[in-house]
Amino acid sequence: VSGKLPLSPAEWVGIGSLLISILLLFVDVWISLIPLLGFILLCAAAPFFPRFSFFLPVISRGVSNKKAVALTFDDGPDPLVTPQVLQLLLKHQVKATFFVTGKKAAEYPELINEILLNGHSIGNHSYSHDNLLMFRRIKTIVEEITAAQNALSDFGIVPLAFRPPVGITGPRLRPALLNSGMYVVTFSCRALDGGNRWIKDISIRILKRIRPGDVVALHDVMPHKQSLFAYWLNEMDLIVSGIKEKGLAVLPLAEIIGRPVMKMKTGEISDHQQSRGY
């Protein structure tokens, strides 16, 4: 445990489980194993609950009492999907946060510029989106986060919000983020779309669950069948329209959670922006 950080809930529970097990040794050896087994099971299950601040603080909902929600899009940018999402957001005059991968940001720099020029914010979603990233070594996690930061630095921005792939956290993420100045943002409302693999009635699923203060997780990537793209885009339109019909506003993520999502590198203009005359 780093001396720079207080104990996490996981560490407190681990210490408590060990103390209880020691006390139970005087009763029965086998019974004394129960707290330790419970702790192990909890550690195994906790990574898969995106709203569970077990290993480190996780922001998944808004902190204000505003009747509003935030829209977030993961896994992009995508050359076919992201431009259409930007048009949709412009049509509804709402702002979103795009948690992009460093690899795609480097591959499609013009899309990152378009996201920024449209007034949206950008978060770090790792470099390569390894679904098992949180189970890798701390060094690997740091490399993935840093590589994405470096890729986005070319656009004159410094993301402060990190969303782990699939929303999975783990005990290695906390030390990996220790000196980065970043914090973890997951979500409180999602349609379990499998990265746009299961998009049927996605609007119904989202609108049925949505509540004030929610951070909504969507994906700006092509559905598993490109022929379903028009259907998916209409579902996105229904989501934004439906949110407003419920009397909820769509506000930037930073306003909902009360923390900046990214900051600009003072006085710098990215090479990509410069080459396009921005």
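1. Contact here means heavy atoms within 4.5 Å, and on that basis phenylalanine 73 touches Val85, Leu89, Ala96, Thr97, Phe98, Phe99, Leu218, His219, Asp220 and Met236, not counting residues up to four places away in sequence. The model is predicted, with local features needing pLDDT of at least 70, side-chain atom pairs counting only at pLDDT 80 or more, and totals for chains, interfaces and linings using all residues. Residues are numbered from 1 along each chain as its sequence is written, and side-chain values use heavy atoms, with hydrogens and water left out.

2. Phe73 is also among the residues with the most contacts inside the largest nonpolar core, together with Leu71, Phe98, Ile206, Leu218 and Ile243, and this core has 38 residues. Such a core is a set of buried Ala, Val, Leu, Ile, Met, Phe, Trp, Tyr and Cys residues joined through side-chain atoms within 4.5 Å, where buried means under 20% relative accessible area with a 1.4 Å probe and protein chains only. Elements giving two or more residues to the core include strand 2 (68-74), helix 3 (81-92), strand 3 (96-100) and helix 9 (229-245), helices being DSSP runs of H or I with at least four residues and strands runs of E with at least two, numbered from the N terminus. Helix 9 gives the most, with 6 residues. Apart from this core lies another, of 17 residues, among them Phe162, Ala176, Leu177 and Val184.

3. In helix 9, the buried residues include Phe229, Trp232, Met236, Ile239, Val240 and Ile243, but also Glu235 and Asp237. The buried residues of helix 9 pack against strand 2, helix 3, helix 8, strand 9 and strand 10 (249-250). Glycine 247, with a positive phi near 80°, follows helix 9.

4. The largest pocket holds about 450 Å³ of space, and among its 21 lining residues Asp75, Gly194, Gly195, Arg197 and His219 lie nearest its centre. A pocket is an open set of points, on a 1 Å grid over the protein atoms alone, where a 1.4 Å probe fits, with protein on both sides within 12 Å along at least five of seven lines; lining residues have an atom within 4 Å of a point. His219, one of the residues nearest the centre, is also touched by Phe73.

5. The second largest pocket holds about 290 Å³ and is lined by 15 residues, with Leu56, Pro57, Arg174, Met182 and Tyr183 nearest its centre. Helix 7 (173-177) and strand 7 (183-185) each supply at least two residues of that lining.

Note on methods:
Buried < 20%, exposed > 50% of the residue type's maximum accessible area, 1.4 Å probe, protein only. Points joined across faces, edges and corners; volume = space filled by probe spheres on them.
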